[in-house]
Amino acid sequence: EVDDQATEMQNIYEWVQVGLKSAAGSHRLSGFMSDRFIAELDSGEAGVIDDIATDEDTSPFLESYRSFGVGSAVYVPHLSDGRWKFLLAIHHDHRHRWREDEVDLVCELTGRLWWRLERAYAEEALRKANRRKDRFLAVLSHELRNPLAPIELSLAMLDQVPPDSDEHRHARRVIGRQVKQMVRLVDDLLDVNRIDNDKIHLHRESLDLNGLVERTVEDHRPLFDEKGLNLSVRPAEEPVYVLGDANRLAQVIGNLLQNAVKFTEPGGGATVTVESDSGEERARIGVADTGKGMDPMSAQELFEPFVQADTTLEHSVGGLGLGLALVKGLVELHGGEVSVSSEGLGKGAEFVVSLPLHGEAATSQAVKTAARDLLEKPKILLIEDNVDVAEMLRKVLELKGFRVEVAHSGTAGLEMATDLRPDVVICDIGLPGMDGYEVAQRICKDAAMRSTKLIALSGYASPSDVERSRLAGFDHHMAKPPDMDALEEILRSG
């Protein structure tokens with residue numbers, strides 16, 4: 001096989017007559033033939049050498065050939081996708097005048113061998129993909145079942161203890177944590193699919209990485225405290241601005257922090273740094289931990305989907321092997337790169353995210369937040385046929401100070417909207433009879449509700465689903481279960 005630069009060949013198989021020396025291993029082409037000869041092979045032209053000692057393309061390298069007992073040779077390259085990838089070489093230990101039919105035979109063999117080799121590689125890649133898929137499905141089942149057990153046990157406890165007891169509050173906290181874990185797993189799966197299909201849209205703005213990193217670190221500090229780990233931040237001395245999606249970059253940093261928590265033992269810790277290199281016009285975020293570390297081979301594969309550093313049966317650290325694949329995909333969408341280094345097993349690891357610098361100052365989020373808080377809380381109509389979802393969402397919104405009315409069908413919701421004239425309609429898409437799209441279209445046609453904000457609520461949230469909602473008249477599209485912080489942000493934005 002020949003490398004991408006056509007500088008080195010790797011002997012992957014050989015047959016050697018008894019008494020001749022093996023040529024196994026890697027060899028630089030420039031150690032055996034002239035640049036002109038290499039260029040001919042690189043263009044797909046066969047090379048025929050009757051006498052190594054006298055041919056101008058090989059005689060300068062006579063000692064190299066003699067070390068392997070080669071006196072004459074036929075070299076036939078094979079090009080695939082316009083690149084030289086394979087070479088079949090036939091040697092004699094003496095001078096030999098190669099006949100035309102011999103050269104034709106070697107050329108025929110070269111094509112057939114490469115075809116067989118490519119098929120073997122494809123079959124091995126398929127076997128590897130199948131093993132990875134089987135492993136992923138097993139882990140997915142494990143990871144989805146894990147939260148269900150504490151949720152079920154917590155529900156059983158809620159039936160047995162007083163509502164104002166510590167046990168009741170503890171059970172609620174457990175349910176909340178486990179539901180968030182399940183939502184995160186599903187979101188990771190969807191995000192990987194969106195990145196693979198180029199369907200993630202970034203909401204870019206000028207961001208100061210110092211502030212973004214510090215906020216994200218504080219959000220994840222409880223995970224470190226719970227495991228007895230240290231977590232420190234070393235921001236840059238000056239603001240470091242990048243043009244990016246704040247939520248997605250926070251997701252990148254959060255995934256790296258979660259990775260550090262998984263693979264660091266109690267007593268260890270992680271350090272997050274922010275640096276700016278004006279010469280290279282790059283900003284860098286480093287997440288270094290004192291954890292298990294890795295060997296160089298593992299480091300190369302960590303950013304592939306469904307690859308996990310922990311492949312033991314116990315699978316003690318959990319997860320689907322998607323976190324680092326998401327990091328790589330999201331960073332590349334921002335025009336950046338991510339790398340990992342480790343001195344070896346037991347010596348920790350450092351992930352470095354590199355992003356293009358951006359010179360503009362970030363918009364003051366404090367001003368935005370203060371302006372939103374001054375707005376009057378809107379009157380909301382919730383249209384949802386799932387009674388449990390409707391009731392719990394209504395109660396959560398009411399606890400946040402919003403006024404909420406509920407309808408359980410599209411027809412009933414449209415009638416209530418006509419009477420109430422709500423400021424906001426949160427509408428499920430999959431309603432019986434009249435679906436959410438038709439509800440939105442009819443509300444949009446009512447001149448009295450032209451200022452009503454429409455929010456779609458659906459279990460489907462692909463770009464095509466979002467686009468269909470927009471065409472029906474919805475202003476926003478949220479996946480179930482809705483992110484309550486994001487929903488409140490929309491409701492307060494006027």
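Threonine 216 sits in helix α5, in a model that is predicted, where local features need pLDDT of at least 70, side-chain atom pairs count only at pLDDT 80 or more, and totals for chains, interfaces and linings use all residues. Numbering starts from 1 along each chain as its sequence is written, and side-chain values use heavy atoms, with hydrogens and water left out. Helices here are DSSP runs of H or I with at least four residues, strands are runs of E with at least two, and both are numbered from the N terminus. With a relative accessible area of 4%, threonine 216 is buried; that word means under 20% relative accessible area, while exposed means over 50% and partly exposed lies in between (1.4 Å probe, protein chains only). Leaving out residues up to four places away in sequence, threonine 216 touches Ala250, Ile253, Gly254 and Leu257, where contact means heavy atoms within 4.5 Å.

The α5 and α6 axes come within 9 Å and cross at roughly 25 degrees. Axes are lines fitted to C-alpha atoms, for helices over the stretch in contact, and angles run from 0 to 180 degrees between N-to-C directions. The two helices are therefore roughly parallel to each other; the cut-offs are under 35 degrees for roughly parallel, over 145 for roughly antiparallel, 65 to 115 for roughly perpendicular, and oblique for the rest. The crossing is right-handed, meaning the near helix is turned clockwise from the far one by less than a right angle, with anticlockwise being left-handed. By class it has 12 nonpolar, 4 polar and 2 charged residues, counting Ala, Val, Leu, Ile, Met, Phe, Trp, Tyr, Cys and Pro as nonpolar, Asp, Glu, Lys and Arg as charged, and the others, Gly among them, as polar.

## The nonpolar cores

The largest nonpolar core has 40 residues, and the ones touching the most other members are Leu209, Phe224, Leu256, Leu257, Val272, Phe351 and Val353. A core here is a set of buried Ala, Val, Leu, Ile, Met, Phe, Trp, Tyr and Cys residues joined through side-chain atoms within 4.5 Å. Two or more residues come from each of α5 (209-227), α6 (246-262), β9 (269-277), β10 (282-289), α8 (323-333), β11 (337-341) and β12 (349-356). Helix α6 gives the largest share, 8 residues.

A second, separate core has 20 residues, including Met9, Phe37, Ile52 and Val70. Back in α8, the buried residues include Leu324, Val327 and Leu330, and just after that helix glycine 335 takes a positive phi of about 75 degrees.

Helix α11 (residues 410-420) and helix α12 (residues 436-445) have axes that come within 10 Å and cross at roughly 20 degrees. That makes α11 roughly parallel to α12, and their crossing is right-handed. Gly410, Leu414 and Ala417 of α11 meet Val439, Arg442 and Ile443 of α12, a contact with 4 nonpolar, 1 polar and 1 charged residues.

Helix α10 (residues 387-399) and helix α14 (residues 484-492) pack at about 60 degrees, with axes 12 Å apart. That makes α10 oblique to α14, again in a right-handed crossing. Here Leu393, Val396 and Leu397 meet Met484, Leu487 and Leu491, and the contact has 6 nonpolar, no polar and no charged residues.

A cis peptide bond joins lysine 480 and proline 481, with omega about -10 degrees. Proline 481 lies in the loop between β17 (476-479) and α14.

Alanine 6, with phi near 55 degrees, is in the segment before β1 (8-11) and counts as buried at 12% relative accessibility. Arginine 421 has a phi of about 50 degrees, is found in the loop between α11 and β15 (424-428), and counts as partly exposed at 33%.

## The whole protein

The protein has 14 helices and 17 strands, and buried residues make up 40% of its 494 residues. Among contacts between residues at least 6 apart in sequence, 66% join residues at least 24 apart.
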